[in-house]
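Dear colleague,

My notes on it follow directly after.

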Amino acid sequence: MSDWQDRIVGERMRVDDEFQNRVEASSFSRQQWGLVMTAVEFDIEHPGDPERARLVVDTSNLTHVMDELDNVESGMAAMAGGQQRGDDDGGILGGVKRALGLGGSDDSSDEERESAAAALAQEYADALQEKLEENGRWDEVREAAV
């Protein structure tokens, strides 16, 4: 983690708490959102220019976790004593079928879900930047990223 990212840990924790309502209103569970957040990285575009500087997310690694989102939900349902979803809904057998290319969700819905995850992650970054600005810390963080 870079120096500027170390400086925003407190704000991230506060934004995490405040952002939970937005996550709950999305198509992602808290567990799925946690997995999404492990795949995104934060960066500051144009850190040397106070007018153009912006906190953004690098979502290039999202593709690697998208298949795991269904597994997270299946695992949580099993731990809670819930029933497994049917094969078409992403249950264990459905996951095996998808891995073998025999069914499951289509590429367009996977792309839509990845796009939704990227958009939500950028919303989070925007909320984080706003929190940093409100706390008078944005310039400090931006300059540390130069």
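The side chain of Q32 reaches the backbone nitrogen of S29, at 2.9 Å. Please note that this is a predicted model. Q32 lies in helix α3, which covers residues 30-39. Its relative accessible area is 6%, so Q32 counts as buried, the limit being under 20%.

V36 is also placed in helix α3. With a relative accessibility of 0%, V36 counts as buried. Leaving aside neighbours within four places in sequence, V36 is in contact with L62, L69 and A117. The C-alpha atoms of V36 and N61 are separated by 9.2 Å, although these residues are 25 residues apart along the chain.

W33 has its own set of partners: when residues up to four places away in sequence are not counted, W33 touches F19, V23, F28, A117, L120, A121 and Y124.

In general terms, nonpolar side chains in soluble globular proteins tend to be buried together.

Helix α2 deserves a separate remark. This helix takes in residues 9-24, and its 16 residues should span 22 Å at 1.5 Å a residue; the end C-alpha atoms are 22 Å apart, so the two values agree. Buried positions in α2 are E11, V15, F19, Q20 and V23.

As to the protein as a whole, its secondary structure comes to 8 helices and 2 strands. From the N terminus on, the order of the elements is α-α-α-β-β-α-α-α-α-α. Of the 146 residues, 34% are buried. The protein exposes about 8600 Å², and carbon and sulfur atoms supply 46% of that area. Among contacts between residues at least 6 apart in sequence, 67% join residues at least 24 apart.

With kind regards

Notes:
Residues numbered from 1 in each chain as written. Predicted model: local features only at pLDDT ≥ 70, side-chain atom pairs only at ≥ 80, totals over all residues. Heavy atoms only, no water. Helix = DSSP H or I, 4+ residues; strand = E, 2+ residues; numbered from the N terminus. Buried < 20%, exposed > 50% of the residue type's maximum accessible area, 1.4 Å probe, protein only. Contact = heavy atoms within 4.5 Å. Areas by Shrake-Rupley, 256 points an atom, 1.4 Å probe, with all protein chains shown as cover. Polar contact = N/O pair within 3.5 Å; in protein donor to acceptor, adjacent residues only side chain to side chain. Expected span 1.5 Å × (residues − 1).
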